[in-house]
Amino acid sequence: MATRKSAPQAAARKPAAKSGKKDFNGGTFLDFDKETELKAYREMMLIRRFEEKAGQLYGMGFIGGFCHLYIGQEAVVVGMQMALKEGDQVITGYRDHGHMLACGMSARGVMAELTGRRGGLSKGKGGSMHMFSKEKNFYGGHGIVGAQVSLGTGLAFANHYRGNDNVSVSYFGDGAANQGQVYESFNMAALWKLPAIYVIENNRYAMGTAVSRASAQTDFSMRGASFGIPGYQVDGMDVRAVAAAAEEAVAHCRSGKGPLILEMLTYRYRGHSMSDPAKYRSKDEVQKMRSEHDPIEQVRARLLEKGWASEEELRAIDKDVRDIVADSAEFAQSDPEPDVSELYTDILL
Amino acid sequence: MPIEILMPALSPTMEEGKLSKWLKKEGDAVKSGDVIAEIETDKATMEVEAVDEGTIGKLLVAAGTEGVKVNAPIAVLLQDGESADAAAKAPAAAPAPAPVAASPAPAAAAAAAPVPAAPKSEPASDPDIPAGTEMVTMTVREALRDAMAEEMRAHDDVFIMGEEVAEYQGAYKITQGLLQEFGPRRVVDTPITEHGFAGVGVGAAMAGLRPIVEFMTFNFAMQAIDHIINSAAKTLYMSGGQMGAPIVFRGANGAAARVAAQHSQDYAAWYSHIPGLKVIQPYTAADAKGLLKAAIRDPNPVIFLENEILYGQSFEVPKMDDFVLPIGKARIHRRGNDATLVSFGIGMTYAVKAADELAKEGIDVEVIDLRTIRPMDLPTVIESVRKTGRLVTVEEGFPQSSVGTEIATRVMQQAFDYLDAPVLTIAGKDVPMPYAANLEKLALPNVGEVVQAVKTVCYR
């Protein structure tokens, strides 16, 4: 019985209790100016509309295989990007469309990759889960759960080796957080003081398994504790809290203090993939998140309340975004499939 | 123009489903993301979300309808200012919102296209060694170290990481002296964490560095094989050529002596299965040096399979400033006319001894050292078979799906008319490696088996 009791006590001793530690889950957030709010609104809206369109194209049979949508989690990647500079690297798993758009990769390139066309970012050879951009320092797009954590640690290793001040950001989910290689990576990153930011997007479900059914310690910000890696829980539905945590993490890593973990408390509205009916959670739960915590609606409400944008101006942004998405969808359907000669290219250099 | 809402597919294989329930009725306003209906297949019930905004003009399929085809219009959405009349005039064929391609499955056209031929690799020949070049006797161990040291001197991006590579000077002393010359930044001791450091190595390679990842033995690389194959070998293809992983995975491979099943396995056939990898298994010190230098310079992931028993064996190595050998080129180790023996790595020790014995009995054997398993230099093998008409392969790995069976298949396909006897493949026995000395000896190939096999194909 004693061991049962010790678990919550251990949780209560989490670093958040330490004096001077910031609280990004309801406490600290960045006060956005008008431009930043508008930028956040636009970028999150682009991801949402893009994903809705991807879902539709999937339903129409234009997109094959697996298709994992990011709807609901937009504030995480948009807030994180705000703290990054040219040269910083980003890597993630297979729920990657939002990350690519936030990194500045073209909507056309992403959508055409989803439909497997030659104008796709991987020439149609990667699909939804595998896109990369050297130019934007986006390193994929990985389909093996947790693999991106070791790879992202390797990106940080390269920065450290070269002595530059770039940081790498590795995104992974609450499911991946239980993979062994994550802790192998944490150990090396802490041992060598690598500039690695680990962003755990805790959307509460690893496919259909609720966090509490899969994780002995459900506070993922604690997962680096045995390696001495500091961690924060962050309100991942509030882009201002994400941006504040991102600034903290980036400053920590750039100054040579080693890795840092950010647990983003977030939520995916859609199923795990397109063929997931999401019967493992109630409709009320989903509806409550959507109506009370939606990351885009939060920004929208602030913009209107502060008088920084009128309904009409927001509609204009919406239309702009819709046009970009519609254009990408049209391109993705009209662009030809890869030439058959591509079958045997890009295997070896 | 009114927008038709189409019956969505839940998966690429779904063709029809039941429209079980409408959650909106005609006249209702709809926003992006609103759930408008539920559909059902034999596997699941799913919600249909609206993508576009507007007002439901008409529901075209009644709730409860079974067998609704994917992509059939199920409702009409009116835009601002459109009347319900417009709904009736909605275009019947155009799926929302007017996609350009008529069919969502253009793959059908491509399926009919012939499969393009796989490109042929044409490896370069070994460099000429100028007359009068001094030959230095050195062990395979020293040759490997020199190869790494030379490449590290030439390029700052090259570094080595692995267990015990630095302070301990290498578990098998392959990295002797490297820490002293290059320091801890470039000679990196890792924790015992193969999966993790293989991934770190691949990540560093994707960022443009040139890692050499040492596995103490390749048996432990099974923990890391996901990164070797899924992360290193496939990224170039998955990225449409944008990003690759210039990395060398090297270390002791195959059986050593009396270390039992988990520490005694040859991975040549395993890795040779994978497109996107190059696989090298040298025998001599000169090949070890020249090919490791080539592997480090290669922009692709390379598996470099060494052998603990060969580490201490000495060979002549040309003393040259920059001795680099071509990957993918076999070496004729001994010329002969009566039969061809093909082997690689430690398998060569059996082949060479067997050829000596057979010579005494008047059988003149040509011995080919493959050196590279992938890409495989089959033309050199075929040319020899065309001359000798007889072929025996030798390796220590397991017999099923072995390198030898691959060679036998391809020779049968490409040089059938030249064969005077079935190809024989000598491999390790089809058992986990036993510990007992007598059983271990039985599990490995032996010179007698090779001699007998050559006699058999020569009908002697």
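I began with the overall dimensions of chain B: its radius of gyration is 31 Å, whereas a compact globule of 460 residues would have one near 23 Å. I note here that the model is predicted. I then took the extents of the C-alpha trace of chain B along its principal axes and got about 100 × 60 × 45 Å.

Next I looked up burial. Of the 460 residues in chain B, 50% count as buried. Among contacts with a separation of 6 or more, 75% are between residues 24 or more positions apart.

For secondary structure, I counted 15 helices and 22 strands in chain B.

**One sheet of chain B**

I picked out one sheet to follow strand by strand. It is an open sheet of 4 strands in chain B, ordered S5-S4-S2-S7, with antiparallel pairing. At its edges I found strand S5 (45-49) and strand S7 (65-69) of chain B, each of which pairs on one side only. From one strand to the next, the twist averages 40 degrees.

I then went through the pairings of strand S2, residues 16-22 of chain B. Towards S7(B), I found 3 bridges, and the two strands run antiparallel. Which residue of S7(B) stands opposite Glu16(B)? I found Lys69(B) there. For Gly17(B), the residue opposite in S7(B) is Val68(B).

S2(B) is also joined to strand S4 (residues 35-40) of chain B, by 4 bridges, and this pairing is antiparallel as well. In this pairing I noted Trp22(B), which stands opposite Ala37(B) of S4(B).

**Contact between chains A and B**

I turned to the contact between the chains. How many residues does each chain put into it? I get 55 residues from chain A and 63 residues from chain B.

On the chain A side, I listed the helices that supply at least two residues each: helix H2 (34-59), helix H6 (147-162), helix H7 (180-191) and helix H12 (311-334). H6(A) gives the largest share of that side, with 10 residues. Sorted by class, the side of chain A that touches chain B holds 22 nonpolar, 23 polar and 10 charged residues.

The size of an interface is often expressed as the accessible area that is lost when the parts come together.

Key
Residues are numbered from 1 along each chain as its sequence is written. Chains are lettered from A and ligands numbered from 1 in the order in which they are written. This is a predicted model: local features need pLDDT of at least 70, side-chain atom pairs count only at pLDDT 80 or more; totals for chains, interfaces and linings use all residues. Two strands pair if DSSP finds at least two bridges between them. Axes are lines fitted to C-alpha atoms, for helices over the stretch in contact, and angles run from 0 to 180 degrees between N-to-C directions. Two residues are in contact if their C-beta atoms, placed from the backbone, lie within 7 Å. Ala, Val, Leu, Ile, Met, Phe, Trp, Tyr, Cys and Pro count as nonpolar, Asp, Glu, Lys and Arg as charged, and the others, Gly among them, as polar. The radius of gyration is taken over C-alpha atoms; the globule rule is 2.2 Å times the number of residues to the power 0.38. A residue is buried if 20 or more other C-beta atoms lie within 10 Å of its own, exposed if 12 or fewer, and partly exposed in between; C-beta atoms are placed from the backbone.
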